[in-house]
Amino acid sequence: MTTAIIIIAVLGIAIIAILATCVKVVRQSTTIIVERLGKYHKTLETGIHVILPFFDKISKPIVMKEMVADFMPQPVITKDNVTMQIDTVVYYQITDPKLYTYGVDRPIKAIENLTATTLRNIVGEMELDETLTSRDTVNTKMRNILDEATDPWGIKINRVELKNILPPKDIQDAMEKQMRAERERREQILKAEGEKKSNILVAEGEKQAQILRAEAEKQVQILQAEGKRAALIAEAEGTADAISLIVNAKADSAYITLQGFEALKALADGQSTKIIVPSEIQNITGLLASIQETLNVPTPKKDTKSNK
């Protein structure tokens with residue numbers, strides 16, 4: 001009786017263990033391939049699934065998320081025979097678990113080898129300078145080629161990036177010298193352009209200053225001319241008014257003779273060596289008589305005694 005109970009208990013435990021292996025839980029973003037009697041049967045998606053014991057065999061969970069493969073540096077020869085070390089980073093995603101499982105043996109290793117050969121083919125058609133400045137072009141070409149090649153494997157290549165490009169040491173030194181010379185050349189160009197702009201600004205400033213000075217002198221001359229013009233007009237108007245007053249006052253011959261004498265005094269005080277005297281005032285005796293008459297000074301009487 002005891003033996004039977006033990007056997008039943010062992011059988012129960014075995015059945016429970018077998019049933020437990022028949023229940024499979026698939027986690028999020030993963031899938032499982034089920035083979036029945038060595039042949040592909042189905043793909044288990046996220047959730048709880050039941051399989052047949054002893055007949056069904058499951059694979060390792062296949063991650064469906066985007067993954068990153070960082071490959072070791074590969075020696076690559078450029079078109080101008082320069083050997084460089086280039087390492088790549090590939091971002092890929094499994095889109096078909098069945099093709100991924102049965103399409104190629106060791107898919108990641110296959111992608112690494114395909115990446116190396118593709119990189120050599122692309123860089124082999126480019127020179128060193130072009131390779132260093134055309135990363136985006138190389139990345140795009142590699143992504144297109146790898147995506148097309150891995151499509152039968154159930155893999156989608158999303159991106160390919162050149163992580164590092166390492167030329168030989170002597171090439172690096174030459175490139176550093178070239179870059180240093182280029183920076184110095186740009187510095188000299190910028191300095192020359194700065195001096196040029198400074199000289200232009202100084203010349204423009206001097207030009208503006210000369211223009212302003214000329215404008216100021218012009219205004220001064222205009223104001224002086226206007227002042228002289230106003231003075232001459234005022235003087236002429238004063239003379240005209242004086243003449244008008246004299247005419248209106250009906251000056252007699254004595255006043256006119258006196259004015260002639262004043263004009264003669266002015267001529268005598270001048271620097272001229274020749275003086276032209278009007279005929280009206282050449283007779284000195286007549287001139288004195290006119291002056292005495294004008295000043296109302298009586299004429300002195302002759303001494304009769306002296307005539308005797």
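Biologist: How many helices and strands does the protein have?
Modeller: Nine helices and 10 strands. Helices are DSSP runs of H or I with at least four residues, strands are runs of E with at least two, and both are numbered from the N terminus. This is a predicted model, so local features need pLDDT of at least 70 and side-chain atom pairs 80 or more, while totals for chains, interfaces and linings use all residues. Residues are numbered from 1 along each chain as its sequence is written, and side-chain values use heavy atoms, leaving out hydrogens and water.

Biologist: What share of the residues is buried?
Modeller: 20% of the 308 residues. Buried means under 20% relative accessible area, exposed means over 50%, and partly exposed is in between, with a 1.4 Å probe and protein chains only.

Biologist: What else is in helix 2? Where does Thr 101 lie?
Modeller: Thr 101 lies in helix 2. The side chain of Thr 101 reaches the backbone oxygen of Pro 97 at 2.8 Å. Beyond its neighbours within four places in sequence, Thr 101 is in contact (heavy atoms within 4.5 Å) with Ile 33 and Ile 62.

Biologist: Switching topic: in which sense do strand 8 and strand 9 pair?
Modeller: Antiparallel, over four bridges; pairing takes at least two DSSP bridges. Pro 75 stands opposite Gln 85 in strand 9. Five residues separate the strands in this hairpin, where Asn 81 takes a positive phi near 60°.

Biologist: And which residues of strand 8 are on the covered face?
Modeller: Gln 74 and Val 76, with Pro 75 and Ile 77 on the uncovered one. In a regular strand, side chains alternate between the two faces of the sheet.

Definitions and conventions:
Polar contact = N/O pair within 3.5 Å; in protein donor to acceptor, adjacent residues only side chain to side chain.
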